[in-house]
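Here is a brief report on one structure. The sequence and coordinates come first.

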Amino acid sequence: MRFDMTRKPFVIANWKMNANTQANQAWMDEARVQLTGSALACDVAVCAPFVYLPQLCEGFSHSAALVGAQNCASYSHGAYTGEVSAAMLADIGCDMVIVGHSERRTLFGETDAIVAEKVRLAYENGVMPILCVGETLQEREEGRTIEVVAAQLKAVLDTVGVAPLLRGALAYEPVWAIGTGKSATAEDAQSVHAALRQVLAQYDEEGAQAVRILYGGSVKPANAAELFAQQDIDGALVGGASLKAQEFLAICHCADAAV
Ligand code: PEP
């Protein structure tokens, strides 16, 4: 048994801005049997664009799959045209939300302070936050990976502590590995995960051992098993390979095999 049972493996699909009603239905029809009851030993979630969340909540209502959003507002309510609050996600039965994905940080200017507010609001509204951190290629080449991801994590822990991540999860997603086909080696990812757990331990020694730290960045069936064999890799956040139900399920089976 590789996984510490206090850290049930967690595999999350991030469909990004790829979905439509018909394709979503086909994905759910294909995956439903394997996501029902105790068919899988890992936790599984699918994160879709806001407008499709009710379809997924309904479609997965009799399965073990959790449903997640890919973002939420950094304000609780009010005059913020176009925004969707964490309370609204909770209201429609959405279980979790990805916060601080690198595409939000780089394309939409999300700062550490904004990310921390989103984590806080998700947690306070009973929505599991999945906090993403990760370094750019330049930062990696400058040897600053640990410094960068530790700073991103500390910015959130200084505001909200470890509790929201015990409810949700932390995801290490090197920016240069997202959607590029270039994954971190299992050993490189493990060393960053171990460093992140040490940072968590500075805030909550016991809690740090129970926070699930997922790896994200070009995870596919071919590299998942090696990643999941690492001591501090507790699952994956999967973008491109999650668009096909069978590929995503194959990754879930790798997580199961590592239990
Ligand atoms: C992601 O979007 O979080 C991600 C890891 O994408 P990909 O698997 O396509 O690299």
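## Basis

This is a predicted model: local features need pLDDT of at least 70, side-chain atom pairs count only at pLDDT 80 or more, and totals for chains, interfaces and linings use all residues. Numbering runs from 1 along each chain as its sequence is written, and side-chain values use heavy atoms, with hydrogens and water left out.

## Ligand site

Around the ligand there are 14 residues (a heavy atom within 4 Å). Lys16, Glu173, Gly179, Ser218 and Gly240 come nearest.

Alone, the ligand exposes 300 Å² (Shrake-Rupley method, 1.4 Å probe); the protein buries 96% of that.

## Nonpolar cores

A nonpolar core joins buried Ala, Val, Leu, Ile, Met, Phe, Trp, Tyr and Cys residues through side-chain atoms within 4.5 Å. Buried means under 20% relative accessible area, with a 1.4 Å probe and protein chains only. The largest core has 73 residues; Leu170, Leu200 and Phe228 touch the most other members. Helix α12 (residues 245-257; a DSSP run of H or I, at least four residues) gives the most, with seven residues.

A second, separate core has 13 residues, including Ile12, Met128, Ala169 and Leu237.

## Val149

Helix α7 (residues 145-160) contains Val149. Val149 counts as buried because its relative accessibility is 1%. Val149 and Gly168 are 19 residues apart in sequence and 18 Å apart in space, C-alpha to C-alpha.

Conventions: Buried means under 20% relative accessible area, exposed over 50%, partly exposed in between (1.4 Å probe, protein chains only). Helices (H or I, at least four residues) and strands (E, at least two) are DSSP runs, numbered from the N terminus.
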